[in-house]
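This report describes selected strand pairings and ring contacts. The sequence and the structure are shown first.

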Amino acid sequence: MHQRAVRNLAKLETTQARMTRLFDAAAGGKNNFQADKDMVRHFEQAAPVVTTAARAVLQFLSRVIRHLAAHEGVDQFMIIGSGVPSGLPPGRRLHDLARQASPSPAVRTVYVENNPMVVTMAQATIEPFSDLVRVVDGDVHEIDEMLGDRVVQTFLDWDRPIAVLLLSAQSLDDEEYAHYVIKRLRHTAPAGSFLALAHTTFDAVPQELLPAVRDMLAMTLPRLAIRTKEEVEALLDGLDLVDPGLVWVPEWHAGAPGDAAPEDDDAACADQPAASGNYGAVAHIP
């Protein structure tokens with residue numbers, strides 16, 4: 001992992017937008033560069049829902065974490081590819097929500113990120129203030145190496161249930177490898193664990209706009225996998241989905257007692273869930 005971190009740092013690209021930093025910029029965070037902010041503005045001009053969609057995904061993550069911590073007894077979380085959203089206020093970050101919702105006093109969270117800026121900033125601003133959070137340099141494209149990381153293996157207890165939140169599945173443009181990643185996660189996680197997934201889709205984009213949207217994405221974020229609902233369902237095939245199943249992210253446990261956060265009073269895309277452009281689901285691993 002150390003060699004990969006050094007390699008990634010040497011290749012740090014500040015003049016071109018990257019998906020993880022785009023998500024952070026759209027959500028109002030600071031772990032991004034001017035190129036990422038410019039790209040968000042570019043997307044907003046073409047389809048003015050990007051920042052709202054980013055908020056909808058963040059709110060989905062918050063509800064998932066609250067539900068699993070409060071109702072399923074999960075006190076270990078591995079969050080892959082979230083960008084460690086820096087736009088969230090103190091006390092409202094994802095690991096904070098897990099700690100607040102859980103009856104356990106020692107909820108542990110590992111963030112896994114492949115962007116050197118995100119990793120460095122998160123390690124500097126989170127780890128010094130908590131013994132219960134770690135930020136690991138890892139890449140879902142190197143899933144075996146990621147799961148074998150020393151911190152991942154020792155900081156979490158792999159004899160007890162773990163909640164794995166995968167936010168970077170759309171970066172897996174090879175269909176066979178994407179299925180392999182899900183298979184590795186579901187077979188590595190202990191029995192009783194959960195796998196949460198958020199995935200970008202074009203299902204709600206009007207047919208007449210699809211060619212232009214695809215062309216814009218190909219120029220700005222090449223190799224991004226945009227899947228249909230049926231294709232996302234195929235990734236989760238064989239897993240027991242927690243109600244309400246695979247839905248638009250604003251629809252997952254919206255307003256559920258104990259799961260909703262204060263910011264859900266201003267729930268993003270609540271009136272038009274499809275405008276979130278993302279499906280979400282949580283699966284139980286038997």
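Strand β2 (residues 108–113) is largely enclosed by the rest of the structure, because five of its six residues are buried (under 20% relative accessible area with a 1.4 Å probe, protein chains only). Strands here are DSSP E runs of at least two residues, and helices are H or I runs of at least four, numbered from the N terminus.

Strand β1 (residues 76–80) runs parallel to β2, joined by five bridges, where DSSP must find at least two bridges for two strands to pair. In this pairing F77 faces T109 of β2. Five bridges also connect β2 with β3 (residues 133–137), again in the parallel sense, and E113 lies opposite D137 of β3. From β2 the chain passes through helix α6 (residues 116–125) to β3 in a right-handed β-α-β crossover (clockwise from the first strand over the helix to the second, with the strands pointing away from the viewer).

## Aromatic pairs

The whole structure contains three aromatic pairs, defined by Phe, Tyr or Trp (six-membered) ring centres within 6.5 Å; planes under 30 degrees apart are stacked, over 60 edge-to-face, and the rest tilted. F60 and W252 are edge-to-face because their planes meet at 85°, with centres 6.0 Å apart. This pair links helix α4 (residues 50–71) to the loop between β7 (247–248) and β8 (278–285), across 192 residues. Both F60 and W252 are buried.

## Basis of the values

The model is predicted: local features need pLDDT of at least 70 and side-chain atom pairs 80 or more, while totals for chains, interfaces and linings use all residues. Residues are numbered from 1 along each chain as its sequence is written, and side-chain values use heavy atoms, without hydrogens and water.

Notes: Buried means under 20% relative accessible area, exposed over 50%, partly exposed in between (1.4 Å probe, protein chains only).
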